[in-house]
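Please look over the sequence and the structure shown here. The report that follows starts with a term and then turns to the fold, the pocket and the surface.

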Amino acid sequence: MTVSTAPAIPDLSRFLLDLRSRRRDLVLGELMDLAHRRGGIRAPQRLLDTLRTRERLAPSLLGKGVALPALRSLLVLRPVLVGGRAAK
């Protein structure tokens, strides 16, 4: 098992500070594209389909618009944390 620590100052290139979408499926797509651009995943559309299925079975919504979706797959090349925020 590998243990890694997060940097004290987050890399803001891993976060979308102004999400275009407000719907869950579209937001997941935006975040999956970002993870792909950061080199953490391959075949983003296939992985997005898998994540959407998992979200239907067990939603990761914490409340008040906050969710922490996570996924294990052979399509994940390395763990990557991405996030987004929608302006009101």
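## Terms and basis

On a 1 Å grid over the protein atoms alone, a pocket is an open set of points with protein on both sides within 12 Å along at least five of seven lines, and its lining residues have an atom within 4 Å of a point.

This is a predicted model, in which local features need pLDDT of at least 70 and side-chain atom pairs count only at pLDDT 80 or more, while totals for chains, interfaces and linings use all residues. Residues are numbered from 1 along each chain as its sequence is written, and side-chain values use heavy atoms, with hydrogens and water left out.

## Overall fold

The protein has 2 helices and 4 strands (DSSP runs of at least four residues for helices and at least two for strands, numbered from the N terminus), and along the sequence these follow the pattern β-α-α-β-β-β. Of its 88 residues, 25% count as buried, that is, under 20% relative accessible area with a 1.4 Å probe.

## The largest pocket

The largest pocket has a volume of about 1400 Å³, a volume being the space filled by probe spheres set on the grid points. Its lining is made by 38 residues, of which Leu31, Ala67, Leu68, Pro69 and Val82 lie nearest the centre. Helix H1 (24-37), helix H2 (44-57), E3 and E4 each give two or more residues to this lining, and H1 gives the most, with 6 residues.

## Leu68

Leu68, in the loop between strand E3 (66-67) and strand E4 (83-84), is exposed, with a relative accessible area of 60%, where exposed means over 50%.

Note on methods: 1 Å grid on protein atoms, 1.4 Å probe; cavity = no way out; pocket = protein on both sides within 12 Å on 5 of 7 lines; lining within 4 Å.
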